[in-house]
Structure formats: C-alpha cells, structure tokens
Amino acid sequence: KSFFNVGKLFDLRFKTSFHRSQTLGYRNGYAIVRRPTVGIGGDRLQVNQLSQAELDELANKAPVLTYGQPKQAPPAEFIPAHVAFDKKVLKFDAYFQEDVPMSTEEHYRIRQVNIYYYLEDDSMSIMEPIVENSGIPQGKLIKRQRLAKNDRGDHYHWKDLNRGINITIYGKTFHIVDCDRFTQTFLESQGIELNPAEKMVLDPYTELRKQPVRKYITPSDFDQLKQFLTFDKQVLRFYATWDDTDSMFGECRNYIIHYYLMDDTVEVREVHERNNGRDPFPLLMNRQRMPKVLVENSKNFPRCVLEISDQEVLEWYTAKDFIVGKPLTILGRTFFIYDCDPFTRQYYKEKFGIPDLPHIDMSKQEPPPIKQELPPYNGFGLFEDSAQNCFVLIPKAPKTNVLKMLLNDNKVLRYLAALESPIPEDKDRRFVFSYFLATDMISIFEPPVRNSGIIGGKYLGRTKVVKPNSTADNPVYYDPSDFYIGAVIEVFGHRFVILDTDEYVLKYMESNAAQYTPEALSSIQNHIRRQEAPAPNVENKQTEEDRMQEMEALIDKIQKQLKDHPCKDNIREAFQVYDKEASGFVDREMFFKICESLNFPIDDSLVQELIRICTHGEDKIDYYNFVRAFSN
C-alpha cells in the first residue's frame, strides 16, 4: 500500500495534465449526460470506487434522489356532527300512563307518544299523535331540546335508549316498546344489542268506546217514529208560480215548495233573480204543517200568537194534494204547480201509481222589441252626426271607414261646372267641384273674375251633399258615379251642370270603370273626341286683320290697366333664350313657367284673353305680340 502511495506521489510530481474529461454532450440538438471514461489528467478510472455498503445505500436512496422525499398522505377531512348526522333522526314508539281521578268510567288513561332523537345535536322531542274528538290537548308534548337524565346535569344520549326500558322526563315515565327500521339498523351498527320489541298497550276506555252501542228496541205501534225513520231526508220538490197580476203592481213570481215526508211539513222558498229589486229573503213561509180544512169555530183563532193544533184542523195537507198542473192554496195564496224534480216523479209513480207527471212550460214570450224611431232631421250638420244624440246620452263621433280613408287619402276629383239660373249674370259664372274620395265630401270654389261684380272664393265648404230624391231619415249622398260631363248636380236647391274634368278624373274613371254607368263613360269619350277633332273651317271665321285689330285694342287696354306693374327691359330676351330657332313661338308649358318667373298677372281676364289670341295650335304661343303689352 505504501508502494502505491509513493507511486501516486511520483506521478503527481511529474504530472503536467490535470484537465477533467467532458461529461456533457449534444445529440440531435438535445443536451445529454454521459459517464466519464477517464479520470483527471487521462488516468484510468476505476469502475467501482465506492464500497459495497455505499453502493447499497445509494441503491436504496435512488427514488429519493430522483423524486425527493415522499409526501405524507393528508389526514382525513374533518366532518362535523351537524353535517354528518344532518336529517338523521331516531324514532321510538312509547307510551305513558296518566291517572284520571274524576271519572267513574276510567281510572287511568294510556297515551301513546313518539320519541324523536336528533343525532346532529343530541336533542330530543316527544310528539303525541292527534286523535279526533279526544278532548285532550295533543300534538307536541316536549319541544326539541336536550333532556336532562339526572340531577348531576347529564343528558340523555342515544346509547341510553333501547326497547323495553323506562325513561323519566320531567316527572313522566315513558316506556319504550319499539323503534323504526332506521333506528334499529343504526343502533346495531354501533354495537348496541337491542331488546325484543313489545306490543303497544291500548287505552281501555278508547277500546270500550269502539264497541257498538247497545240498542234497546221496545215493540211499539208509534207510526210517527216509523215515518221519521223511514222517510228521513226524503223531500218532495215542486216548482210553482204565484200570479198576482190582478192586483195593483202585481206580478208573476216563482217559488219552490218543499214537502218533507218525515213529518208532513211544508216549506215555501222564494226564487230570486238577479237585479229583481227585492230583498233576498230565503223563505216565504217557514217549515210547518199546513192546514187544509179548519174547524168552523177556529176562524177567530189567533194564529199569529198561538200554534195551530189538531183541535183546530180537520184535515192537513198531505203528499197526494200536491199534483203538477193543478192550483194549490196555501195561507190565502194560490200557487200553480208546473213541475217537480225526478225524485218526486219516482215517488208518485211508486206511491200513487201516477206514471208521468206533466211538465208545463211557463216561460213568457217576450214582446217584440220596439223599433227605435229617429226624430226628423233638423238640417244642422250631417244626419249621422245629429243621430248620435238619439243613441247615447253623451254623443260620440260617427264611425268612419279607416281603410277607405287610408287608401284614398289626398285623392280629389275636380270638375268644372256652370250654374243653371234664370239670372243673366249667372250664366257666365264657373265653379270648381272638388270631390274627396276619402270622406265622400264635396267643396265648391268659384274662381274670382275681375270687373264681374261677383265676389269669388269659397262657395261651399267641405260637406256631404244629399241627393234631391232621398229622405231625411235615409239620406243618399252623391258619389263619384254621379259626376260626369253633362250631369246635373243639385246642391241645396242650386243646380249645376258639369262641363269639364281634369286629367286625374279621366284616369280614375278608366281604372274604376265598373263604378260608372255607360252614360257617364260615353259622355267622357265624346268630350275627348271633341277636343281631339280639328276645328272646322267656317266662312265667318275671324280674319287675320280683325284678329290683329282686336289684339292691338287689347294691348292698349292692358298697358293702361297695368301701367303700375313693374316691368323689366329684358322680357323679350327671357323668351328668346328658349326660342332656339328664333321663330317667335315657345311651348305652352315653357311660356307659363317664364311668366311665373317674371311675375306676370296671368290670372287677369285681359291677360288670359291676350294669351288666347296669341295661341297658335295647341302647344305654341306667340310671345312677340304678348311682350308688346308689357313694354314701355
């Protein structure tokens, strides 16, 4: 050993390389660990440099070195009693004996109870099942609490409970006879040996009362008792009416008559109807026996004070006196029986041999309703609006056709009409009729004409116009089919003749041709043909010279009348802009647009006449001569 040590020292003395071999490397891009093959300086490395004991120790600690010290398993989770034993209750059947000192029929009483033990907090409660008509306060005898077992302060535990033992609670001794299945399983699982179950002790007085009552039957010929026992709760029901219409303010009233077979008494009940104005008294006559024939000397008997006995009555009413279809007098009132119930029919069939009792119909036939007549129309407002005052106390607006108003909103038919009048001044008057399709109303407007002596404007406000042949009770209003060229419209005594229509009316008549008569359609067709036909040559046609003379005279009048009208110097240039060919004519539509931009009084009658003279054909207007009337 010393030799080897000397050799090592010699090697270390002359050794020049002390590097350590590489233990880390890379393979496929991953760092790996490899075991060294040589020692420091390249010396040969011994394979096992540790002792066998050290190797065994390392072998045993290999998992510890790799994974660390093992973790101890966590302790079991603590579950408190109020969670583990929640809603787990032990039930025991028991009873206790109670003394009854003040009774000759019983000396003690057995009272059965249920003892409940709650495992979550070791509390107990005692409940007594409620027995109907027992006369004893029952139910909860001891509310839930921990019950003391002795004077030292100990409390009852479930280990202290078993079958066949006595426990004393608040001075009362309870004997446990049995328990339920859950209680038995729980106690046996805890190692408690249960005593055998006992039979519940019954209360002797309660069992005595369950026995049938002894009946003492004495032979007797007492018929009323037999009748009472035989016909108990059997009642004959009759439906009757009392006709009191002969007296003042009398009426027919319905009643129900009950005949009790058990004691031959009669009861009369009123039949109340809703809102009949009478006090709701249930009975007209209380249940009592009804005398049919009285003794002659008993007429002065004070019935209101004393009851009638057999000494004052020769005959009482019986079931055979109540026959359906016959009158019956009870205490001065004559009732007519018209029906009965099925039990009464069956009783009469078995008792008196009457197979079928009739059923008489007493329903009253209501008089025919009175026709509501409206007063004559006074002429103010519309007829429908005035009629609302006759229907309700607070009048409401008449109902309108909302769908018609939505479909025909802002749709107006316009017609040109003339007034039929013997007055010469009215022959040249023209009126514009506007028919509103949404409300079937008509308005009339008269265009103002200067120097005519007649004030134009609104002639008739928007309203419905009645046809002349209709009555005030059943008015018939004008509709679109009554308006066509040549038709005569009479408006409050004034007659108008339709002369012309606008283009919208022609389109409306074309799309709704089914509403118009053939006469109306033919009048429109003839009017269109006359407009499209060329004007015929007439020998007495105004010559060009006469037309020019008339134009010059008309221009002079316009210049004198409209001398204060502000005119512009570039009027002719405004028309020449749209006259590309310098022909002196412009389109009719463009002519009116230019006049409107220059504020020309085209509504004046003289200006309209000048436009008519300057018109050539249907679409051209001579603006050269027209401008002369407005030049300085």
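This dialogue walks through some features of a predicted model.

Me: What should I know before I start reading?
Reply: The model is predicted, so to speak, by rule: local features need pLDDT of at least 70, side-chain atom pairs count only at pLDDT 80 or more, and totals for chains, interfaces and linings use all residues. Residues are numbered from 1 along each chain as its sequence is written, and side-chain values use heavy atoms, with hydrogens and water left out.Me: What is pLDDT, and what does the chain average?
Reply: pLDDT is the predictor's confidence in each residue, from 0 to 100. Here the chain averages 82, and 87% of the residues score at least 70.

Me: Which elements have the lowest and the highest mean pLDDT?
Reply: An element is a DSSP run: helices are H or I with at least four residues, strands are E with at least two, numbered from the N terminus. Helix α1 (residues 2-14) has the lowest mean, 53. Strand β5 (residues 123-128) has the highest, 96. Over residues 538-542 the pLDDT is below 50. Beyond near neighbours in sequence, that stretch has two contacts in the model. Contact means heavy atoms within 4.5 Å.

Me: In what order do the six strands of the open sheet run?
Reply: Two strands pair if DSSP finds at least two bridges between them. The order is β20-β19-β18-β17-β22-β21, with antiparallel pairing. β20 and β21 stand at the edges with a single partner strand each, so one side of each has no neighbour in the sheet. The twist averages 30 degrees from one strand to the next.

Me: How many bridges join β19 and β20?
Reply: Four bridges join β20 and strand β19 (residues 441-446), in the antiparallel sense. Phe445 stands opposite Lys458 in β20.

Me: Which helix lies across β17 and β22?
Reply: For angles, axes are lines fitted to C-alpha atoms, for helices over the stretch in contact; angles run from 0 to 180 degrees between N-to-C directions. Helix α11 (residues 503-511) lies across β17 (412-420) and β22 (494-501). Helix α11 runs at about 115 degrees to β17.

Me: Which strands form the edges of the three-stranded sheet?
Reply: That open sheet has the order β23-β25-β24, again with antiparallel pairing. Its edge strands are β23 (585-587) and β24 (615-616), each pairing on one side only. Three bridges link β23 to strand β25 (residues 620-622). The bridge partner of Val586 is Ile621 in β25. Helix α15 (residues 588-597) lies across β23, β24 and β25, at about 95 degrees to β23.

Me: Is Arg163 buried or exposed?
Reply: Buried means under 20% relative accessible area, exposed over 50%, partly exposed in between (1.4 Å probe, protein chains only). Arg163 counts as buried because its relative accessibility is 10%. Its place is in the loop between β6 (139-145) and β7 (166-169).

Me: What does Arg163 touch?
Reply: Leave out residues up to four places away in sequence, and Arg163 touches a list of residues including Ile176, Cys179, Leu194 and Ala197. Ala197 is 34 residues from Arg163 along the chain, yet their C-alpha atoms are separated by 6.2 Å. A polar contact is a pair of N or O atoms within 3.5 Å; within protein, one must be able to donate a hydrogen and the other to accept it, and residues adjacent in sequence count only if both atoms are side-chain atoms. The side chains of Arg163 and Asp178 make one at 3.3 Å.

Me: Where is Ser470, and what does its side chain reach?
Reply: Ser470 sits in the loop between β20 (457-463) and β21 (488-491). Its side chain reaches the backbone oxygen of Lys467 at 2.8 Å. A polar atom of that side chain lies 3.5 Å from the backbone nitrogen of Val476.

Me: How many disulfides are there?
Reply: A disulfide is a covalent bond between the sulfur atoms of two cysteines. The rule asks for a pair of cysteine sulfur atoms within 2.5 Å. The count here is zero.

Terms used
Residues are numbered from 1 along each chain as its sequence is written. Side-chain values use heavy atoms; hydrogens and water are left out.
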